[in-house]
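Biologist: Can you put the model up and walk me through it? I will ask as we go.

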Amino acid sequence: MNRQQLIEQIKEKQTFLCVGLDPDIKKIPQCVIDACKSEIEDGDEYDDSLAIMAFNQAIIDATAPYCVAYKPNLAFYESIGSLGVVAYEETVAYLRENYPNHFIIADAKRGDIGNTSAMYARSFFEGDTQVDALTVAPYMGEDSVKPFLSYDGKWVVLLALTSNKGSNDFQLTTGTGDERLFEKVLRVSQQWGNDENMMYVVGATQGRMFEDIRKIVPSHFLLVPGVGAQGGSLQEVCKYGMTSDCCLLVNSSRGIIYAGNGEDFANAAGEAAKKLQKEMADELQKLR
């Protein structure tokens, strides 16, 4: 999906919500696990990937009308082994088949020396389970990022200023002059890509820091985690980070997918997504 198509989806659906698909087997409602076990045929064995896939499908079906993007975090799949990776691949395939207009971001935070990054890029941007975008760590510099940018129509989502407390350890430190590390990342990385193939991760908890970010990257899309469970303010993000084309993808994971833990978990997720969508529609109306 290219930049204009993503902007059109945001305008058409009146939402810039990205739903994080982070299925923790310890938090998946017991009813999902029980249902999967009851469907096991004689001789077969239950495994947690079945519950993850059933959970994801229900969440996707309930939230699809209210979002434009999904972001599966690879850690939640890899944590249960090879079958978890299969569940990730099946999730991407399910989205591609049933919701082809939704933007898919693999949250894997890859980044290594050039030839290794090329293999990472191949695994996410080629084949049957290719995604639209991949989160990438910039610490190793240009040659670790460029292989991901060699794919037409694909996006790098570069870590810039994250929402966790540890962001203070490095991202806000200054080198020569007053330039902070995250600002250098934003400035230098624009030599590698552009606003057609590069986004930046900026945590919702950073508040007015979005003003500083927009001075450097005025037209790039920002992927914004931290709204909801982490306490970030949607209104503050929009006030300081929204552009005339919106150029925001605001992610919510736990606040949506774990909104309920009973038989109605999917409906609860849909209602949580709908509530955010309405708030986003109000913010988008201010652009008119």
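Modeller: One definition before the rest: two strands pair if DSSP finds at least two bridges between them. Helices (H or I, at least four residues) and strands (E, at least two) are DSSP runs, numbered from the N terminus. The model is predicted, with local features needing pLDDT of at least 70 and side-chain atom pairs pLDDT 80 or more, while totals for chains, interfaces and linings use all residues. Residues are numbered from 1 along each chain as its sequence is written, and side-chain values use heavy atoms, leaving out hydrogens and water.

Biologist: Fine. In β2, what is the bridge partner of valine 19?

Modeller: Tyrosine 70. Valine 19 points from β1 the way Leu17 and Leu21 do, and β1 pairs with strand β2 (residues 69-72) in the parallel sense over four bridges.

Biologist: And which residue in β8 stands opposite cysteine 18?

Modeller: Asparagine 251. The pairing of β1 with β8 is parallel too, over three bridges.

Biologist: What is the overall sheet, then?

Modeller: A closed barrel of eight strands, in the order β1-β2-β3-β4-β5-β6-β7-β8, with parallel pairing. On average, neighbouring strands in this sheet are turned by 30° against each other, direction ignored. Axes here are lines fitted to C-alpha atoms, for helices over the stretch in contact, and angles run from 0 to 180 degrees between N-to-C directions.

Biologist: How many bridges between β7 and β8?

Modeller: Three, in the parallel sense, between β7 (residues 222-224) and β8 (residues 248-252). Leucine 222 has leucine 248 as its bridge partner in β8.

Biologist: Back to β1. How many of its residues are buried?

Modeller: Five of the five residues in β1 (17-21) are buried. Buried means under 20% relative accessible area, exposed over 50%, partly exposed in between, with a 1.4 Å probe and protein chains only. Leu17, Val19 and Leu21 point one way, and Cys18 and Gly20 the other way. In a regular strand the side chains alternate between the two faces of the sheet.

Biologist: What about β4?

Modeller: Ala133 and Thr135 point one way from β4, Leu134 and Val136 the other way, and all are buried. Three bridges join β4 to β3, in parallel, and leucine 134 is the bridge partner of alanine 106.

Biologist: What lies across that part of the barrel?

Modeller: Helix α6 (residues 114-125) lies across β3 (103-110), β4 (133-136) and β5 (155-161), and runs at about 155° to β3.

Biologist: Changing topic. How many disulfides?

Modeller: Zero, where a disulfide is a pair of cysteine sulfur atoms within 2.5 Å. The sulfur of cysteine 31 has its closest cysteine sulfur in cysteine 36, 9.7 Å away, so they are too far apart for a bond.

Biologist: Is cysteine 36 buried or exposed?

Modeller: Cysteine 36 counts as buried, because its relative accessibility is 9%. Cys36 belongs to α2, where Val32, Ile33 and Cys36 meet Leu50, Ala51, Ala54 and Phe55 of α3. Contact means heavy atoms within 4.5 Å.

Biologist: At what angle do α2 and α3 pack?

Modeller: About 120°, with the axes of α2 (residues 30-38) and α3 (residues 48-63) 9 Å apart. The two helices are therefore oblique to each other. Angles under 35 degrees count as roughly parallel, over 145 as roughly antiparallel, 65 to 115 as roughly perpendicular and the rest as oblique.

Biologist: Where does cysteine 246 lie?

Modeller: In the loop between α11 and β8. Cysteine 246 is buried, at 1% relative accessible area.

Biologist: And α11 itself, which residues are buried?

Modeller: In α11 (residues 234-241), Leu234, Val237, Cys238, Tyr240 and Gly241 are buried. Their cover includes α10 (209-216), β7, β8 and α13 (265-285).
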